[in-house]
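Please read this briefing with the model open beside it. The points are grouped by topic.

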Amino acid sequence: MRKQGEPEVFRITGARQGLTDDVRGRQRRYIISMSVRTLSVIAAAVLWNVERHVAIVALALGVLLPYIAVVIANAGRESAPSLPSAYLPAPVRPALGPAEGSTAESGAERPHGTA
């Protein structure tokens, strides 16, 4: 437990990414996915009369990528695993023990070998 005068100590290593950084990362993933989609549609148009099988695969990729891009872009802040506790309790300081050489009896020392 925390005493009145001691400040709280917070752990930031388990903190989530900032909202602006999260949005920027999702936008970047969406733009990359849509760029790949655009390139696959262009490849399908160019290869239609040359390699029809490759053009059909590129066209299928161009049709499926918008859905995949939206799902990837929307996967964001809700997927945070269990975060560690943000509060660290103050360290427990052990009490000092008896000094070396002192006895628990009323000042009388015992000779070695006796119990």
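A contact means that heavy atoms lie within 4.5 Å. Among contacts in the protein between residues at least 6 apart in sequence, 74% join residues at least 24 apart. This is a predicted model, in which local features need pLDDT of at least 70 and side-chain atom pairs count only at pLDDT 80 or more, while totals for chains, interfaces and linings use all residues. Residues are numbered from 1 along each chain as its sequence is written, and side-chain values use heavy atoms, with hydrogens and water left out.

**Overall build**

- The secondary structure comes to two helices and two strands; helices (H or I, at least four residues) and strands (E, at least two) are DSSP runs, numbered from the N terminus.
- Along the sequence, these elements follow the pattern β-α-α-β.
- Of the 115 residues, 12% count as buried; buried means under 20% relative accessible area, exposed means over 50%, and partly exposed is in between (1.4 Å probe, protein chains only).
- The protein exposes about 9800 Å², and carbon and sulfur atoms supply 63% of that area. Accessible areas come from the Shrake-Rupley method with a 1.4 Å probe, and for residues only the protein chains shown count as cover.

- A search of the whole structure finds two salt bridges, a salt bridge being a side-chain nitrogen of Lys or Arg within 4 Å of a carboxyl oxygen of Asp or Glu.
- Asp-21 pairs with Arg-24, and their closest N and O atoms are 3.0 Å apart. Both residues lie in helix α1 (residues 19-47), three residues apart, which is about one turn of the helix.
- Asp-21 counts as partly exposed because its relative accessibility is 34%. Arg-24 is also partly exposed, at 44%.
- Arg-26 pairs with Asp-22, with 3.3 Å between the closest N and O atoms. These two are four residues apart in helix α1, so about one helical turn separates them.
- Arg-26 is partly exposed, at 22% relative accessibility, whereas Asp-22 is buried, with a relative accessible area of 9%.

**Nonpolar surface patch**

- Trp-48, Ile-56, Leu-59, Val-63, Leu-64, Tyr-67, Ile-68, Val-71 and Ile-72 form a nonpolar patch on the surface, with about 860 Å² of accessible area together.
- Patches are made of residues with over 30% relative accessible area and no salt bridge; like charges are joined within 9 Å, and nonpolar side chains (Val, Leu, Ile, Met, Phe, Trp, Tyr) within 5 Å.
- One of the patch residues, Ile-56, is found in helix α2 (residues 52-74). Ile-56 counts as partly exposed because its relative accessibility is 44%.
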